[in-house]
Each structure stands twice: as C-alpha cells, then as structure tokens.
Amino acid sequence: MTNATSGVGLDPSLISSYTTHKENNPVTLELWGSQERVTKGIVKDLVGNQISIISETSIFGGEDRSITGAALLTYVKTTQLSPVLQIQGSEEEIWLVPSVVADTSSPTIERSACPEDINVNLEEEKALLQQRLPSDFFEDIKRSCDSKEGLNEFKMRLFNTGNRAFQNSRFSDAIIWFTKALFVHILLKDKKTVGACYGNLGCAYGFLGEHRKAVQHQEKRLQIAKEIKDQAGEGNAYGNLGIAYSSLGEFRKAIEYQEKCLKIKKKIEDQAGVGNAYGNLGIDYKALGKYHKAIEYYEKQLQVADKIGSRAGEGAAYGNLGNTFESLGDYRKAIEYHEKRLLIAIEIEDRVSEGRAYGNLGIAYDSIGNYRKAILYLEKDLEIAREIGDQAGEGRAYGNLGSTYQALGNYKKAIEYHEKRLGMAHKIGNLAGKGSAYGNLGSAHCSLGNYKDAVKYHEKYLGIAHEIGDQPGEGRAYGNLGSTYYCLEEYQEAVRNYEKCLQIAKNIEDRPAEATANHNLGTSLFQLQDFSKSENAFIEAIAI
C-alpha cells in the first residue's frame with residue numbers, strides 16, 4: 001500500500017463559496033449540500049492568522065456556519081473528509097483541496113492548479129459510491145481519522161478483509177469490502193490501489209456470474225493501469241477481461257485479450273503470468289472446439305510451471321489437460337491427468353484445488369457410466385468445500401451430484417441436490433449458479449414427465465442467462481426448452497427454440513452445440529413433416 005497523498009479530490013455536492021472583498025475587509029463563508037455537521041475547527045488565513053466562527057444558523061443538515069475574517073481563508077477541520085472550498089475572486093477562481101493524513105487533528109489545505117486536473121471519472125464514481133454506501137461507513141471513516149488507527153491503516157484493513165473474503169469464496173462479502181476500500185482510495189488519490197480495487201471487484205463479480213459487471217470493472221482497471229503506466233496491472237486487466245469475455249461466450253474477443261496479456265507478461269518477464277495466459281488461451285480454444293490447439297497451450301503452461309518450480313501451476317495445467325481430453329472422449333487419459341492434479345494438490349496442501357480435482361474425477365467417471373465411483377469423488381469434493389467454507393464450491397458439488405443421480409434415474413434425489421444448489425446460489429448471490437440450478441431442475445422435472453414445471457424452470461434459466469449475458473447458457477436454455485416442447489408434442493415451439501439455440505451456437509462458434517442443435521431441429525421438423533428442411537438440418541449436423 002502507498003501512503004496517503006495530499007488532496008482528496010473535489011466533491012461537487014459539497015461546494016462552498018467565499019465572497020471576497022478588498023484586503024482587511026470581512027469575508028463570509030457559506031457551506032451547503034452536506035449532511036454532515038461542520039465542527040468548530042480553527043480557520044486561518046493564508047499567512048496563519050486565526051479567524052473565529054462568529055455565528056451559526058440552522059439551514060442545512062443541522063447547521064450553516066458563517067465565518068468572518070481576512071480576505072483569503074483555509075478551512076482546517078470538518079467531520080466531512082472531502083469539503084471543497086471554492087474561492088470566487090473578481091478575476092480568478094482557485095480550488096483548495098484538503099489533504100488527509102493518518103493524524104487528522106489539524107490537516108493542511110493545499111491549492112491545486114485547476115479543476116480540470118481532477119479525474120472526472122473517479123469523481124463521478126465517488127459521488128455514486130456516496131449514494132450507495134451505508135451512512136455508518138462514513139462514521140467509521142471519521143472514527144478512523146480521529147483514532148490511533150488512522151486512515152492509512154483503515155484503508156488497508158478494508159482491502160485485506162476483502163481479500164480474505166475473496167479467498168474464502170465469499171464473493172458477495174468481498175464486493176462490499178472492496179467497494180468500501182475503493183471509496184477510501186479514491187479519496188486518497190491512490191490510483192494504483194484504486195485500480196486494484198476495480199480489478200478485484202471485477203473478479204468477484206465474475207465468480208458470481210455477473211460477467212457484464214466484471215467487464216465494466218476490468219475496463220476501469222485497464223484504464224487506470226494505462227494512465228499510471230502500470231504494466232503489470234495492465235497485463236492483469238487484459239487477462240481478466242479475457243476471462244470475462246470467455247464466460248460471456250465471446251471467445252474470439254477473449255483470445256485477443258489473452259494474447260495482449262501474454263505479450264505484456266513476456267515483456268516484463270512475469271513467468272507465472274505467462275503460464276496463466278497460456279492456460280487461459282487453452283480454455284478459449286477448447287471452448288471453440290479446437291481441442292488440439294488447446295492442448296498445445298496447456299503443454300506450454302505445464303512447461304512454464306515446471307521451469308519456475310510452480311507445483312500449483314503444474315496442477316492447474318494437468319486439470320486443464322484432463323478437461324480437454326474428456327471433451328475429446330478420451331476419459332481414461334482425462335482421469336490420469338485429474339489424478340496427477342489431485343496428487344499435487346494434496347502435496348502442497350491446496351484444499352481448493354484438491355476439491356476441484358475430486359469434482360473433475362467425479363465428472364469423468366460419470367461420463368463413462370461409473371456413477372457409484374463418480375458419487376464417491378463428488379461427495380469428497382462436497383466434504384472439502386464444507387470444511388474450508390467454500391460456499392461456491394459447495395454449490396457446484398450439489399449440482400454435480402444432482403446430475404449424477406439424474407443419470408442414475410434417481411430423479412427425486414437429483415431434484416433434492418439441485419434445490420440445494422439453488423439455495424446456495426441464492427445465499428451467496430451467484431446468478432450464474434442460480435441459472436444452472438434452474439436448468440438442471442428443468443431437466444429433472446422433464447425426465448419425470450412434469451413438462452409444464454420443466455418449461456417454467458428453463459424459462460427462469462433463460463431469463464438469468466440473458467440478464468448476465470451468458471450466451472452459452474442462453475443457448476443451453478433454448479435447447480432445453482426445445483426438448484421439453486418436443487416431449488409435449490408442441491413441435492412448432494420446439495423448432496422455434498432449437499433455431500434460437502442453433503443461432504447462438506453459430507455466433508459463439510460452439511461446433512458441438514451447433515451439431516446437436518441441427519440434429520434436434522431436424523427431428524422436430526421431421527415430426528412436422530417438413531422433410532426437406534429436416535434433411536438439410538441432419539446433413540448440417542453430420543457435416544460438423
């Protein structure tokens with residue numbers, strides 16, 4: 001963390017005006033627009049002569065104070081951290097901005113060059129945050145300034161508490177703390193940490209499935225990093241933007257950002273960052289169905305990790321390779337890689353990765369029909385998530401167990417787990433998790449023949465996917481609606497939904513999904529006796 005800098009920025013809602021007269025004549029200071037009470041601080045002119053508060057009238061937020069004294073004044077102490085003092089003279093306008101330091105018993109006032117020097121975007125952000133943050137938070141700021149802790153330690157506590165919440169997968173809590181930290185760091189003009197706050201907020205929103213918000217925050221992170229020439233921060237922002245766009249199904253755009261990240265990481269010789277960029281590029285190429293290119297990038301990720309001695313990096317690469325070989329249908333090789341990841345996670349005592357490895361092993365065994373073994377691994381994943389307080393991981397484990405019980409034909413138990421998944425997603429504010437749970441509940445109810453209920457759940461999934469910009473999820477929801485309407489023998493509705501599913505698959509270049517949508521579309525058109533279009537759809541599916 002950097003130390004507090006002089007000047008806390010201009011706040012238009014707290015503008016005060018001085019009416020100036022000739023030298024040695026009285027001046028009146030009028031304050032308005034604040035909901036805070038102004039304390040009886042010391043007011044001095046520019047040469048240090050003390051000026052007294054001589055009158056008080058009840059006009060705004062409790063009190064309006066008029067001050068009489070020399071021609072040019074500095075206002076020394078208020079309960080509000082960012083009063084803006086505007087001096088309006090006959091020929092010039094001068095802005096005075098108070099500094100904030102750890103000991104605020106008598107902060108000084110500094111003159112800034114002009115209002116144009118202020119970052120307008122950050123000032124707008126500060127004004128928005130003032131509206132959103134609870135009033136007791138501003139009391140906390142005041143108390144920190146008046147205590148031994150000081151504002152520097154207070155800001156670090158906010159940021160570090162956010163980090164701990166994030167590491168424990170309490171992403172909604174992390175957002176609250178990072179938002180508070182963002183406000184304080186904007187006040188202190190600590191742009192580097194402001195950028196870090198934006199980046200961390202973007203990551204937290206991403207984990208909650210709010211990918212558009214993630215993009216918005218990462219773009220702010222990128223803008224600040226470029227402005228202050230923070231190459232490491234710029235690289236991180238590009239990488240996180242890539243992850244966000246990948247989650248939105250915009251894989252080509254994701255690749256562009258990851259390549260920019262990779263270029264910067266190589267330039268600054270951040271080998272761990274290079275490895276992460278290779279891994280993320282692999283994920284994007286896998287999503288485009290380019291599995292062999294994905295494997296090339298994962299092998300590069302593995303080589304970098306081995307070179308720098310990063311066992312965690314090696315484990316991540318093995319996990320990525322396992323997922324890709326599973327997509328290729330090579331389940332035995334997938335299991336081999338997931339087992340390697342598991343061994344490394346146990347060796348380095350990385351409980352989160354250990355749980356993920358168990359979960360991926362469970363999914364792989366589910367894929368080969370070994371449901372009993374799949375359940376065994378998925379229950380271990382759930383046990384670890386509960387043990388370490390990883391609520392997001394707990395939710396995923398519930399969903400995976402539900403899917404496995406559904407594959408076993410135990411639909412009632414599947415529904416129980418999907419409802420637990422839904423409850424956990426609702427608890428932690430994970431919109432993507434809620435959508436996934438609704439989709440799985442719809443599929444389970446469809447399997448039970450509860451088609452009307454299934455339609456309702458799939459429509460809820462569709463609504464959430466559309467809200468958060470999750471194009472792959474939107475496509476799956478349309479596909480599931482098509483399948484449910486097919487079961488209801490409402491073939492025209494089935495065709496309508498399959499066509500939307502197909503269009504999304506084409507847009508995001510998801511070739512396997514495109515093939516499935518064409519096949520399902522062909523089946524529905526056949527039922528409508530539209531044999532020509534049905535044949536074309538089947539031909540398209542086979543060609544893919």
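A residue is termed buried when its relative accessible area is under 20%, and the legends below apply this term to a predicted model.

**View 1. Tyr 491, a buried residue of helix H20.** Tyr 491 belongs to helix H20. Its relative accessible area is 17%, so Tyr 491 counts as buried. The view pairs Tyr 491 with Leu 521: 30 residues separate Tyr 491 from Leu 521 in sequence, and their C-alpha atoms lie 9.6 Å apart in space.

**View 2. Glu 509, a non-glycine residue with a positive phi.** The phi angle of Glu 509 is positive, at about 60 degrees, although the residue is not a glycine. Glu 509 sits in the loop that runs between helix H20 (491-507) and helix H21 (511-527). With a relative accessible area of 31%, Glu 509 is partly exposed.

**View 3. Cysteines in a structure without disulfides.** A disulfide is a covalent bond between the sulfur atoms of two cysteines. The structure contains zero disulfides. For Cys 487, the closest cysteine sulfur is that of Cys 446, at 4.1 Å, which is too far for a bond; a disulfide would require the two sulfur atoms to be within 2.5 Å. Cys 487 is partly exposed, its relative accessible area being 37%. Cys 261, by contrast in its class, is buried at 5% relative accessibility.

**View 4. A surface patch of positive charge formed by lysines.** Lys 266, Lys 290, Lys 293 and Lys 300 gather on the surface in a patch of positive charge. One of these residues, Lys 290, is located in the loop between helix H9 (271-287) and helix H10 (291-308). Lys 290 has a relative accessible area of 37% and is therefore partly exposed.

Methods
Residues numbered from 1 in each chain as written. Predicted model: local features only at pLDDT ≥ 70, side-chain atom pairs only at ≥ 80, totals over all residues. Heavy atoms only, no water. Patch = residues over 30% accessible without salt bridge, like charges linked within 9 Å, V, L, I, M, F, W, Y side chains within 5 Å. Areas by Shrake-Rupley, 256 points an atom, 1.4 Å probe, with all protein chains shown as cover. Salt bridge = Lys/Arg side-chain N within 4 Å of Asp/Glu carboxyl O. Lys, Arg positive; Asp, Glu negative; His and termini not counted. Charge placed at Lys NZ, Arg CZ, Asp CG, Glu CD. Helix = DSSP H or I, 4+ residues; strand = E, 2+ residues; numbered from the N terminus. Buried < 20%, exposed > 50% of the residue type's maximum accessible area, 1.4 Å probe, protein only.
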